[in-house]
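Here are some notes for a first look at this structure. Please keep the view open while reading.

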Amino acid sequence: MALRHAVLAALLDGEFSGYQLAKAFDVGVANFWHALPQQLYTELARLEKEGLVEGRQVVQETRPNKRVFRVTDAGRDELEKFAATTSKPSFIRDDLLVKVQSADRIGTAQVIGQLDERVAAADAKIALLDDLLRQMRGEADEEEFLRHGERVGPYLTCLRGVAFEQGHRDWCLRIAAVLRERQAAHAGR
């Protein structure tokens with residue numbers, strides 16, 4: 001997947017400025033695609049040049065003017081083609097895993113600290129995603145929303161984000177406990 005497809009998918013919900021798109025990425029899209037704001041602005045310019053998005057100037061009286069973007073029919077066609085391609089399997093590339101793998105030889109105190117930090121970050125992200133899920137479904141319960149909600153795609157990706165963060169948190173908690181136990185056993189010798 002290229003950043004272009006994540007941007008096009010994010011713009012399916014309407015017109016966004018680059019700033020609004022960056023905020024949307026921060027909250028929802030970051031579950032499956034990370035991008036810096038400057039990458040988003042560069043990609044928007046590229047997509048506009050290719051005719052996959054259309055930008056227009058919005059004049060504001062009390063603020064600087066801004067450009068907002070929306071997906072064109074060609075952009076929707078691009079997403080259709082992308083959706084028809086076979087997805088590659090996911091893979092993990094995480095420097096914390098390298099540290100855990102080395103923990104037997106390098107000491108565990110700093111690794112345990114970083115695992116604890118990841119637990120806190122995962123808890124914060126889970127709370128954020130849970131709030132987002134509640135906002136998306138409004139008054140409907142989850143099953144009702146999943147059957148009849150107007151736009152279910154972002155909700156489904158948020159569910160995956162929650163599951164990922166919960167799994168990551170649980171793994172970090174377990175590994176930190178194992179390393180603490182081993183640390184205590186070695187100290188007692």
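Contact here means heavy atoms within 4.5 Å. The model is a predicted one.

1. Start with helices H5 and H8. H5 covers residues 95–106, and H8 covers residues 153–187. Their axes lie 12 Å apart, at an angle of about 20°. That angle makes H5 roughly parallel to H8, because angles under 35 degrees count as roughly parallel. The crossing of H5 past H8 is left-handed.

2. Now look at who meets whom in that pair. From H5 come Leu97, Val100, Ala103 and Asp104. From H8 come Trp171, Ile175, Leu179 and Arg182. Sorted by class, the contact of H5 with H8 holds six nonpolar and two charged residues. It has no polar ones.

3. H8 also packs with H6. Helix H6 spans residues 109–137. The axes of H6 and H8 come within 8 Å and cross at roughly 160°. H6 and H8 are therefore roughly antiparallel to each other, because the label applies to angles over 145 degrees. H6, too, passes H8 in a left-handed crossing. By class, the contact of H6 with H8 counts 22 nonpolar, four polar and nine charged residues.

4. Which residues does His168 touch? First, its place: His168 sits in helix H8. Its relative accessible area is 16%, so His168 is buried; the cut-off for buried is under 20%. Leaving out residues up to four places away in sequence, His168 touches Asp94 and Arg118. With Arg118 there is a polar contact, side chain to side chain, at 3.3 Å. Lys125 is 43 residues from His168 along the chain. The C-alpha atoms of His168 and Lys125 are separated by 11 Å.

5. Phe164 has a relative accessible area of 41% and is partly exposed. Ala185 is partly exposed as well, with a relative accessible area of 42%. Now check their distances to other parts of the chain. Phe164 and Phe32 are 132 residues apart along the chain, and their C-alpha atoms are separated by 9.8 Å. Ala185 and Arg56 are 129 residues apart along the chain, and their C-alpha atoms are separated by 65 Å.

6. Move to another helix pair, H1 and H3. H1 runs over residues 3–10, and H3 over residues 37–49. They pack at an angle of about 85°, with axes 10 Å apart. That makes H1 roughly perpendicular to H3, because the range for this label is 65 to 115 degrees. On the H1 side, the contact is made by Leu3, Arg4, Val7 and Leu8. On the H3 side, Gln39, Leu40, Glu43, Leu44 and Leu47 take part. By class, the contact of H1 with H3 has six nonpolar, one polar and two charged residues.

7. Is His5 buried or exposed? His5 is part of helix H1. At 10% relative accessibility, His5 counts as buried. Not counting residues up to four places away in sequence, His5 touches Glu78, Leu79 and Phe82. One of these also gives a polar contact: the side chains of His5 and Glu78 meet at 2.9 Å.

8. Finish with a strand. Glu54 lies in strand E2, which covers residues 53–58. Glu54 is partly exposed, with a relative accessible area of 40%. Its contacts are with Glu48, Val68, Phe69, Arg70 and Thr72, not counting residues up to four places away in sequence. Tyr155 is 101 residues from Glu54 along the chain. The C-alpha atoms of Glu54 and Tyr155 are separated by 26 Å.

How values were computed:
Residues are numbered from 1 along each chain as its sequence is written. This is a predicted model: local features need pLDDT of at least 70, side-chain atom pairs count only at pLDDT 80 or more; totals for chains, interfaces and linings use all residues. Side-chain values use heavy atoms; hydrogens and water are left out. Axes are lines fitted to C-alpha atoms, for helices over the stretch in contact, and angles run from 0 to 180 degrees between N-to-C directions. Helices (H or I, at least four residues) and strands (E, at least two) are DSSP runs, numbered from the N terminus. A crossing is left-handed if the near helix is turned anticlockwise from the far one by less than a right angle, and right-handed if clockwise. Ala, Val, Leu, Ile, Met, Phe, Trp, Tyr, Cys and Pro count as nonpolar, Asp, Glu, Lys and Arg as charged, and the others, Gly among them, as polar. Buried means under 20% relative accessible area, exposed over 50%, partly exposed in between (1.4 Å probe, protein chains only). A polar contact is a pair of N or O atoms within 3.5 Å; within protein, one must be able to donate a hydrogen and the other to accept it, and residues adjacent in sequence count only if both atoms are side-chain atoms.
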